[in-house]
Amino acid sequence: MTEPRLERGNPLHYSVMLDEVLDSLNLQSNGSYLDCTFGRGGYSKGVLEALGTTKIIALDRDATAREAASEFKAQYADRFYFHPVCFDQMAEALSEDEKLDGIMFDLGVSSPQLDRPERGFSFRFKGPLDMRMGNEGITAADVVNTYGESELADLIYLYGEEKKSRVVAKAIVMDRKEKPFETTSELAGLLRRIIPKSKDGIDPATRTFQALRIHVNDELGQLERALDASLALLKPGGRLVVVSFHSLEDRIVKKFMVKHSKKEAVNRYVPEVLGASSEQPVLKLVSRKAVLPKAEEVKENPRSRSAKLRVAEYLG
């Protein structure tokens, strides 16, 4: 997740692919839209300002989003509603039988979350080893200090795609015997000692920190549940727009959109045996390939370089 484009060239206030997202939504006069990852409201503001008649329902479990949401409410009144919940609870945030013209996701962690040491997301600053987007549940410190070596290795490999996950897990278990991990810098220091620097300049701590964050916040599980829920909330012609920042997220989004945009083949000889379905597709891919940020944007905001935008239209 990234933040509003309030100042050009400042990644703290920059919504990745904002113009492309707004174009993809195919905004309708008096339309209703769901911003599943409000943050500081970059995409919400873009929608609200584009036509002047649109309505936004915004979701975000991060407590820091509430301040920005209060300012939006004061400015946009009954055109803006905010719910401090996870996006897999989107159905509960809507009025009964309410249907939407568009649903948008800006996945991952936001720039302010990364740049605030007290949140514990970043390996660049010393802070508590927390990484929770909300205020409930286990912390990253709980994971590294209590999980078994095999369990640690598996989640670091699965969610971080770290090839040296078993080396990492073994080192964590050895080090925590002397002193439990409490800060981001302690864990980052260990990772930098045992993992060689890559040629592309990516910090050795990147993949393990990503894995812990995804696990602590159940990010992939929430994404899968939210995508399933979105199909019941869109109007025919409504758009599902997703910006992702790493391959695990993008893989889930791509698989979901492709699955629901294809008619399942039925074997005419043994359909009962195969359990095949002849149901019509409920989504249409607006673009078969992911849309990437323009070179100018990547130069202006390097954090956008890994972004992928996928769009599908609900057929009903």
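I looked up Phe-105 first: Phe-105 stands opposite Val-242 in strand 5. Strands here are DSSP runs of E, at least two residues long, and helices are runs of H or I, at least four residues long, both numbered from the N terminus.

The model is predicted; local features need pLDDT of at least 70, side-chain atom pairs count only at pLDDT 80 or more, and totals for chains, interfaces and linings use all residues. Residues are numbered from 1 along each chain as its sequence is written, and side-chain values use heavy atoms, without hydrogens and water.

Next I checked the confidence. pLDDT is the predictor's confidence in each residue, from 0 to 100. The chain averages 87, and 85% of the residues score at least 70. Over residues 1–12 the pLDDT is below 50. The pLDDT is also below 50 over residues 265–278.

Then I turned to strand 4.

I traced its partners, where pairing takes at least two DSSP bridges between two strands. Strand 1 (residues 32–35) pairs with strand 4 in the parallel sense over three bridges. Ile-103 in strand 4 is the bridge partner of Leu-34. Strand 5 (residues 234–244) and strand 4 also pair in the parallel sense, over six bridges. There, Leu-234 is the bridge partner of Leu-100.

Seven strands form an open, mixed sheet in the order 3-2-1-4-5-7-6. Strand 3 (80–83) and strand 6 (283–285) stand at the edges with a single partner strand each, so one side of each has no neighbour in the sheet.

Definitions and conventions: Contact = heavy atoms within 4.5 Å.
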